[in-house]
Amino acid sequence: MGGNQVRRNKPRVLCLHGFRTSGEILKKMMGKWPHSVLNNFDFDFLDAPFPARGKSDVESLYDPPYYEWYQVNEIECVHFDECIACIEDYMIKHGPFDGLLGFSQGGMLASVVPPMQREGAAFTSVPKIKFVIIISGFELRELKSGPPKLLANVYSVPIDCPSLHLIGDKDFLKERGFTLLRSFVNPLHIYHSMGHTVPKLDEKGLETMLKFIEKIKEMFPQELETGLGLKSAL
């Protein structure tokens, strides 16, 4: 293998945290998932480029520091291009990555990487993302100035990238989460009873998650099969 390629036995996944949290906080939130899920991936957690500019909703649960990817007001989305450049630069320096996982604001970002690659708008210097896992994600709301230029055509056609969406019944963003889900081709989804959070996986949710892992396995060569360990998980 040439360049930076190394032999791997697990898909590498870059994880993007939520608004005014951190990569370490997302790692702790995901810790409630069973080893039969977590052991199938090589996760990498990135902090957003901007320190939180206000109070974090998780201050009573998790220690600082807190970060945010971009800011949104009624008129425009601020610093969106900068956050995309930050993520792409990290992927160039620390990749390659096979998939993306995102929570909340990070879920929105994870969802638009494949169509930005399709359109040639960004992430053209990194390998094509093969799958996304979106937790409490959403489609960016309409703004008076219109969407960021990088997102101009991302929803022009359905997003043809394997996706798993986790949506909570009590999530205040669940309708926008379903809107995002409908933007993908043949998405899988886990609908849980909780709110805007990384949920524990009940029996049905775990079954869906393992089904998605099986789908991922089919995309990779023989060298990944041992790491995925599906026979012992199912």
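The following legends describe close-up views of a predicted model.

View 1. Six strands form an open sheet in the order β2-β1-β7-β8-β9-β10, and their pairing is parallel. Strands β2 (42–46) and β10 (188–192) stand at the edges with a single partner strand each, so one side of each is left without a neighbour in the sheet. From one strand to the next, the twist averages 15 degrees.

**View 2. Strands β7 and β8 with the helices that pack on the sheet.** Strand β7 (residues 99–103) runs parallel to strand β8 (residues 131–135), and 5 bridges join the two, with G102 standing opposite I134 in β8. Helix α4 (residues 105–119) packs on the sheet, where it touches β1 (12–16), β7 and β8, and its direction makes about 150 degrees with that of β7. Helix α6 (residues 203–217) also packs on the sheet, touching β8, β9 (163–168) and β10, and its direction makes about 165 degrees with that of β10.

View 3. Side chains of opposite charge can pair when their charged atoms come close. The side chains of R12 and D42 meet in a salt bridge, at 3.5 Å from N to O; because D42 lies in strand β2 and R12 in strand β1, this pair ties together parts that are 30 residues apart in sequence. R12 counts as buried at 14% relative accessibility, whereas D42 is partly exposed, with a relative accessible area of 34%. R12 also forms a salt bridge with D44, with the closest N and O atoms 3.6 Å apart, and D44 is buried, with a relative accessible area of 16%.

Conventions
Residues are numbered from 1 along each chain as its sequence is written. This is a predicted model: local features need pLDDT of at least 70, side-chain atom pairs count only at pLDDT 80 or more; totals for chains, interfaces and linings use all residues. Side-chain values use heavy atoms; hydrogens and water are left out. Two strands pair if DSSP finds at least two bridges between them. Helices (H or I, at least four residues) and strands (E, at least two) are DSSP runs, numbered from the N terminus. Axes are lines fitted to C-alpha atoms, for helices over the stretch in contact, and angles run from 0 to 180 degrees between N-to-C directions. Contact means heavy atoms within 4.5 Å. A salt bridge is a side-chain nitrogen of Lys or Arg within 4 Å of a carboxyl oxygen of Asp or Glu. Buried means under 20% relative accessible area, exposed over 50%, partly exposed in between (1.4 Å probe, protein chains only).
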